[in-house]
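Subject: Structure handover

Hi,

Here is the structure we talked about. Please load it first, then read the notes below it.

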Amino acid sequence: MNIRKFTVDSDEQVVVKVLREVLDLYRIAVSDEDAAFDEIAVRNETTEGNPLHVRTEAVFVGADGSTRTCSMESVARVGENPRSERHRLIKWNFYELLRAELDLPEAPWGILYGVRPSKIVHRWLDGGASREEVVARLRAEFGVGEDKAALLVDSSLYQRPFLQQSDSKTVSIYAGIPFCPSRCLYCSFPAFVLPGEKMLRRFTEVFFRDLAAVRQAVEQYGFRVQNIYVGGGTPTSLPDEVFDEVLRSLYDAFFSDALVEFCVEAGRPDSMTPAKLESMVRCHVNRVSANPQTMQARTLRRIGRRHEPEDIVRMYKDLRSAGIPCINMDVIIGLPGEDARDVEDTMKKIADLAPDDVTLHALALKKGSRLKENLSETELPDDATAREMFTAAMDAAKRMGLTPYYLYRQGYQSGQLENVGCCRPGAESMYNIQIMGERQTILGIGGAATSKIVSPTQKYLKTSFHPKEITVYLDKIDYYMEKRNRLLHEVYGEQEAF
Ligand code: SF4
């Protein structure tokens, strides 16, 4: 649906943002084309106090000039941050008014927004709330659908024993190799087609300096490295000898008895070689993410992958024969031209391989992807179809004996769905649990890597982003290493250093 004008009686960016998020939930765009309303105008009035109240008024001006005004008042929860509560109430009021006026169904996740919805659940569980109380709060305060609330709370409960295996000295390492053999149609990651030898040599020189600085910090602060995750891009797109050098450096710098997981993303079978398998085995890599996304040959071609489903099967079998203990497979639901039968067929082919972990992703149509720029929306399943396909994939994962254990969301996801990691017992990815929980420091090395430095009390975290643009990473590495060091010093302080 289109509306000609959307006005808000505030220039507070966050207020405008949360109200626009409500429009996005129902794909309501501001445009002159076939506008159903001339204007929707929103006014908010906050009454400070304990608890705080927010009254929201929405005026709907029809294309025929008719006007309807409706309003709603809500009260903040005691004990929550008043600023966040004000924004939640503004959003909640408008969500309820819009739904009533346009007779809209509940959105699957209600007004809950953000990549890591499990964080709020963990906070409530930390405060002593029971499973049922948390589900009820998600329903009442954010309008989260019953099935989503149950999925979120159950997967969060699953994670708690794993999160508790980390203390203020336990960290993970993320190594970003931002290269791929070719660029997928839907990709919005900072991934570059593998450069020539000279540029690659420059990248590795800088990468090893970056790694040495993190190793020094690990020693200085007495950290224990729990997980190493090599992602990208596709790290296995590196030439064999460079890949081996990268893995050995990570192993030499961070491997110890404390290491739980050493994971490598090997997303593309066209990048895997026997020599890389040998390097992984030699360096005790114990988890590989082999990501088919789909087992449909025509879709693989459509999304710009240069391999066939049989290549994925071959890579999987090679990884198993090499003795890699845990293999994860990623699937994307909602790829162009696919329907429920394609998803069922993909899941059946994946079930035949019996991976330890399957991550189901709902396609995210992000800015910066060629898919967003080049695709007519008619090639994509509508929201209802995407949800049916996702349910079918989840059912297939459960039939494989896999349990959902972590979940995250992205903007613009097909069917307003989520990404869900499902595994067999004992095959949980500790790194994925820690990165979603944001309760453990993650030190990022390499292209587009992010460092998240969590305070010892877990009360706050500071973030340092390495640049997405590869040439900026290479030219300005000293600045970014210095920034990461400064944040480490601010958070852990001199008294924490050995
Ligand atoms: S393999 Fe992943 S990172 Fe590489 S181009 Fe495809 S989607 Fe992007």
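Two strands pair if DSSP finds at least two bridges between them. Keep that in mind for the strands below. Note also that this is a predicted model.

Strand E18 covers residues 450–454, and strand E19 covers residues 461–465. They pair in the antiparallel sense over 5 bridges. Ile453 has Lys462 of E19 as its bridge partner. E18 is mostly covered, with 4 of its 5 residues buried. The hairpin has 6 residues between the strands. Gln458 in this hairpin takes a positive phi near 60°.

**Strands E4, E5 and E6**

E5 (residues 53–62) pairs with two strands, E4 and E6. E4 spans residues 35–47 and runs antiparallel to E5, joined by 10 bridges. Asn44 is bridged to Thr56 of E5. Between E4 and E5 sit 5 residues, and Gly49 in that turn has a positive phi of about 140°. The loop between E4 and E5 also holds Pro51. The peptide bond from Asn50 to Pro51 is cis, with omega near 5°.

On to E6, residues 67–75: 9 bridges join this strand to E5, again antiparallel. Arg55 finds its bridge partner in Glu73 of E6. This hairpin has 4 residues between its strands. Gly65 in the turn has a positive phi of about 90°.

**Ligand shell**

Which residues are around the ligand? They are Cys180, Arg183, Cys184, Cys187, Phe189, Ala191, Gly232, Gly233, Thr234, Gly267 and Arg268. By class, the shell has 5 nonpolar, 4 polar and 2 charged residues.

Cys180 deserves a look. Its place is in strand E8, residues 179–180. Is Cys180 buried or exposed? The cut-off for buried is 20 or more other C-beta atoms within 10 Å. Cys180 has 25 of them, so this residue is buried. Leaving out residues up to four places away in sequence, Cys180 touches Ala191, Val193, Gly232, Gly233, Thr234, Ser237 and Arg268. Glu428 is 248 residues from Cys180 along the chain, and their C-alpha atoms are separated by 26 Å.

Gly232 and Gly233 are joined by a cis peptide bond, with omega about 15°. Gly233 is in the loop between strand E10 (224–232) and helix H7 (240–254).

**Helices H5 and H14**

Two packed helices are described by the angle between their axes and the distance between the axes. Helix H5 covers residues 146–163, and helix H14 covers residues 430–437. Their axes come within 10 Å and cross at roughly 105°. Angles of 65 to 115 degrees count as roughly perpendicular, so H5 and H14 are roughly perpendicular to each other. H5 brings Gln159, Phe162 and Leu163 to the contact, and H14 brings Met430, Ile433 and Gly437. The contact has 4 nonpolar residues, 2 polar and no charged ones.

**Positive phi outside glycine**

Please check these two as well. Asp34 is not a glycine, yet has a positive phi of about 45°. This residue lies in the loop between strand E3 (29–30) and E4. Asp34 counts as exposed because it has 8 C-beta neighbours inside 10 Å.

Glu438 is not a glycine either, and has a positive phi of about 50°. Glu438 lies in the loop between H14 and strand E17 (441–446). With 18 other C-beta atoms within 10 Å, Glu438 is partly exposed.

Best wishes

Conventions:
Residues numbered from 1 in each chain as written. Predicted model: local features only at pLDDT ≥ 70, side-chain atom pairs only at ≥ 80, totals over all residues. Near = placed C-beta within 6 Å. Nonpolar A, V, L, I, M, F, W, Y, C, P; charged D, E, K, R; others polar. Axes fitted to C-alpha atoms, helices over the stretch in contact; angles between N-to-C directions. Parallel < 35°, antiparallel > 145°, perpendicular 65-115°, else oblique. Contact = placed C-beta atoms within 7 Å. Buried ≥ 20, exposed ≤ 12 C-beta atoms within 10 Å, placed from the backbone.
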